[in-house]
Amino acid sequence: MEQAKARSDKNHEQRPQHEEEIGDVPRVRNLLLRSMCAVYLMAFVSFYCQAEGLYGDGGILPASRILANGTLKERLSLLQLAPFVGLGHGHEAIDLLCLVGATVAFLGLISRAHCRLVSFIVMWSVYFSLVQIAQSFRQQADHLLLEAGFLCILLAPTRLTDRRHPMEAIALLLLKWLVFRFMFASGSVKLASGCPLWWSLDGLKRHYETMPLPTSYSWYTYQLPDAFHRLSTIYVYLSELVVPWLFFAPSRTVRRFAVWWHVFLHLNIIGCGNYGFLSPLVLTLLVTLLDDEDELVVWVQDRLAVDDTRRRAGRGRTAARNSADDSADRYGGRLVKAISLLMVVGSWLCFSAGVSKDDGQLTFQPTFTQDQYLNVMQTMVRAAPLLVFVLLVKQFLKLLSSQDSVGSLAEGMRQFSKNLGLLISTIVAFTVFFMSIVPHSRLLPSTAVTSPVMTRAYGGLHSLYVVNQYGRHLTKMRSMRREIILEYGDDLNGTWHEYGFQYKPWTVERGASLSYGWLHFPRFDFKFYDAAGSKSDAQKWIYPLVQRLLDHQQPVLDLLDSRNVPAEAPRYVRTSLYRFAYTSFADAAAGGFWTRERLTDYFNVFSREDAHLRDKLRQMNFRTAAEQSSSGGGGGSWNWLLRWLLDAVRRFVGAIEGSYLLIGLFVAAGMVLYTQQQQQQQQQRVGPST
């Protein structure tokens, strides 16, 4: 009896200090979740803008093909529930999922109250269902978003509270490991591939010209001297091979240095190419490198905080903790200077400088061989998971030591139920980490995991896009830029006219050759980059595209530049392969950004009666517009009111280009946040007077 009372008194004495610790606002968690909602919003809206032309019944690759005839894994999608709400498998069901996901994401962006566990489960499930039907238009950004979104499920709080989640530290570490894997994989494969352009440090300049969807910023950057491009390539190697190791540094100053280094890198990537939400997603994951007391995080939290009293109290604790952390991290500035000096000296030793005899420009040449590089990479690839595993175990032990003792049966039951959830979350977290070692080890053939148990388990998680492999892009730089141009005509011997594109280079005219998509991700235009670098037989999606153009299907025509499409269905469609090259400053003054030269036919001329085209479509289980009409499409679509509402929303939104739609939504979110802040300030001023 006395022991129980003593234990109760001890718990009572320790509770104020514990409550003060957990009462601290988890600013990094809140900022990360709000930012993830913004990224989800970009992804859902971009998908919605192209869904009807890509996956509708009149689109290039109808979702109904996969949902009806795909494998069990491919058919795993929320779209299977569409008939229960009176919708078929057409674009209306896809629109409904996109709008639901975008609504949840927008609410989470403007209000922390909606950044809850259920919200992130909904967003992940909806986006997973959409990626399931993406087929040939699925991209690396989708994989990264789904993997990051799944980890955010472990991070998001269950209830509306600012208190710290017990799994917060482990989830943030896994997100940090994810952004490390992505950046390190992007850098390691460049030199490992043996590409001559990457070894000569000319790969980045060639990349400006051959990237999937370049912008005018990339053209201007391309005009800079070769010495600048070679220095920039070294900067990219440092960014992807050296700086990611600083993500795990114990010093807050060092991690902040790594954040700003990569912010500069990805702002340039956003300016150079239309990659949609990929770089904003990476920038969001970099938030995991910051602390709750970081000035930037505190500044953002102060403007998003709901309760001004809690904000002032948190600021007071932050000031006290900042003084303690600054004294503990007083050597952080010196470490940053030492690291910067080591990177400069290391770069000088690894890439010897010289002067070109031809043009007198500064040149750099690697002083190491490919075998030496691969040996170093083997060590780095094996060391990274070991480092993260040690940090995970440290966080797990800290989690165990933070559990409260119990003094009654009721408290014990509540603690058991709480620990059961923690146990499940911890098992999931460690499982995801161990499975992520498999794709990370595949960066080099010599380090690949050969265990059949590990590879099978990874295959299961990868089928859900929970763990993915990155770094397979930019392994070997293209020596020239090839572009596929769609052409139509009514006479085989007559004049051929070109279909226009919204984002893809297709003309030499300056005004329409380098469009900027901002945060919008144009999947249709992006896919032509993959097609131009491969054989025509590998791009089976072009056959349905040609058929839709011959049928003059409006949803597909909406994916193109409306100013350069025929008024009526053409008799013939062909695809030509062109070589594109940047112009110089002098040539651009008189013309545009590009020069182009026709190389050959990519596909032969097709017509509606073409037997080869019909055979290819039959092999893909693809139905033409005439076949859909004869079979009576839209089965299961009995909810005419919901269909009318979805069609009305699409007609209204369809008049707005995707990039402008996203800008408008973010401006609206900013206005809502500003209005909330002004109302809070007004209530604080009125409160004391009343």
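Biologist: In which helix is the place of Ile663?

Modeller: Ile663 is placed in helix H27, a helix being a DSSP run of H or I with at least four residues, a strand a run of E with at least two, and both being numbered from the N terminus. The model is a predicted one, in which local features need pLDDT of at least 70 and side-chain atom pairs count only at pLDDT 80 or more, while totals for chains, interfaces and linings use all residues. Residues are numbered from 1 along each chain as its sequence is written, and side-chain values use heavy atoms, with hydrogens and water left out.

Biologist: Why does Ile663 count as partly exposed?

Modeller: Its relative accessibility is 35%, and partly exposed lies between buried, under 20% relative accessible area, and exposed, over 50% (1.4 Å probe, protein chains only); Ile663 therefore counts as partly exposed.

Biologist: Where does Trp518 lie, and what is its phi?

Modeller: Trp518 lies in the loop between strand S4 (497–498) and helix H20 (523–532), and although Trp518 is not a glycine, it has a positive phi of about 55°. Most residues other than glycine have a negative phi. With a relative accessibility of 47%, Trp518 counts as partly exposed.

Biologist: What makes Asn621 partly exposed, and where does Asn621 lie?

Modeller: Its relative accessibility is 48%, so Asn621 counts as partly exposed, and this residue lies in the loop between helix H24 (611–619) and helix H25 (625–631). Asn621, not a glycine, also has a positive phi of about 55°.

Biologist: Why are S4 and S6 called edge strands?

Modeller: The open sheet has four strands in the order S4-S3-S5-S6, with antiparallel pairing; S4 and strand S6 (594–606) are its edge strands, each pairing on one side only.

Biologist: How do you know that S3 and S5 pair?

Modeller: Pairing requires that DSSP finds at least two bridges between two strands, and nine bridges join strand S3 (residues 481–489) to strand S5 (residues 572–582), so the two strands pair. They run antiparallel, with Leu486 opposite Thr575 in S5.
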